[in-house]
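Trainee: I would like to learn how to read features from a model of a chain. Please take them one at a time.

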Amino acid sequence: MEQPTILIVEDEEHIASLLETNLDLEGYQTVVAKDGNDARTMFAERVIHLIILDVMLPDTSGIDLCRHFKNEKRDIPILMLSALGQSKDRITGLKSGADDYLAKPFELQELLLRMSNLLERFQPETQVDDTIQLGKARIHFSSFEVIADDTSSKMTVKEAQLLKYMLERANDTVSRKDILEHVWGYDVYPNTRTIDNFIATFRKWIESDPSDPQIIKTVRGIGYRLMTS
């Protein structure tokens, strides 16, 4: 299997060299951009699997560059690096579309772990059909529409992501922790009660008797199992 290609966008030469050398040793393929213009060119010309992006660049803001990358390719993970480590700076980075945020100076092993988590989260999953029948509900993922009992409802983006995640792992138990990591993302967790509320909504749509669910089962103390067989 081809090793992931990492785009390093970093104008501090010693940090860029450190990252390039160590990621090469870990078996990754790397390309290095010193500024925003170089980064845009490399991004357009290569297949990139993950971006390590410095916030402060000589010709542009890493925040603006992050938005550019996400507008071009929504499903590419971005790990933002910054000497600005306060909570408000991290929130700004995450709001711009970054999937994780690491303050400088950082431990190399922590960076590698965060990269690994992001690559796992964003790896291609088993495809789920755009339109499926699940229990009594007809679900249209492209339009976010659910039709059940002759009533049409709209899914939110997160509801669609969670339902797809469970369908991709149909008949297996998925833990709340796995759901939080894969649907909401590393270190950006909502309250676990949010998941329970989503499941309750799904059951109203698809179960003949939501109080006695036969399709989405609760695995006590762990999570849920969506049954398709």
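Mentor: Begin with the start of H2, where a side-chain oxygen of Asp35 comes to within 3.2 Å of the backbone nitrogen of Asn37. A polar contact is a pair of N or O atoms within 3.5 Å; within protein, one must be able to donate a hydrogen and the other to accept it, and residues adjacent in sequence count only if both atoms are side-chain atoms. Helices (H or I, at least four residues) and strands (E, at least two) are DSSP runs, numbered from the N terminus. This is a predicted model, in which local features need pLDDT of at least 70 and side-chain atom pairs count only at pLDDT 80 or more, while totals for chains, interfaces and linings use all residues. Residues are numbered from 1 along each chain as its sequence is written, and side-chain values use heavy atoms, with hydrogens and water left out.

Trainee: Which residues of helix H2 are buried?

Mentor: Buried means under 20% relative accessible area, exposed over 50%, and partly exposed in between (1.4 Å probe, protein chains only). An α-helix has 3.6 residues a turn, so residues three or four places apart point the same way. In H2, residues 36–45, the buried ones are Gly36, Ala39, Met42 and Phe43. They lie on the same side of H2 because they cover an arc of only 125° around the axis, the arc being that of the directions from the helix axis to the C-beta atoms. Asn37, Ala44 and Glu45 are exposed on the face turned away from the buried side.

Trainee: What do the buried residues of H2 pack against?

Mentor: Contact means heavy atoms within 4.5 Å. By that criterion, the partners are strands E1 (5–9), E2 (29–33) and E3 (50–54), together with helix H3 (62–72).

Trainee: How many residues are in the largest nonpolar core?

Mentor: A nonpolar core is a set of buried Ala, Val, Leu, Ile, Met, Phe, Trp, Tyr and Cys residues joined through side-chain atoms within 4.5 Å. The largest has 29 residues, and Leu134, Ile139, Leu163 and Ile216 have the most contacts inside it. Among the elements that each supply at least two of its residues are strand E6 (131–134), helix H6 (157–168) and helix H8 (193–206). A second, separate core has 21 residues, including Val9, Val55, Leu65 and Ala98.

Trainee: Is Leu163 buried or exposed?

Mentor: Leu163, in helix H6, counts as buried because its relative accessibility is 2%. Leaving aside residues up to four places away in sequence, Leu163 touches Leu134, Ile139, Phe141, Met155, Phe202 and Leu226. Between Leu163 and Val183 there are 20 residues in sequence and 9.8 Å in space, C-alpha to C-alpha.

Trainee: What is the strand order of the open sheet?

Mentor: Strands of a sheet pair through backbone hydrogen bonds, either parallel or antiparallel. Two strands pair if DSSP finds at least two bridges between them. Here four strands run in the order E6-E7-E8-E9, with antiparallel pairing. E6 and strand E9 (151–154) each have a single partner strand, so one side of each has no neighbour in the sheet. The twist from one strand to the next averages 20°. E7 and E8 are joined by four bridges, and Ala137 stands opposite Ala148 in E8.

Trainee: Which helix packs on the sheet?

Mentor: H8 does, touching E6, E7, E8 and E9, with its direction at about 120° to that of E7. Axes are lines fitted to C-alpha atoms, for helices over the stretch in contact, and angles run from 0 to 180 degrees between N-to-C directions.
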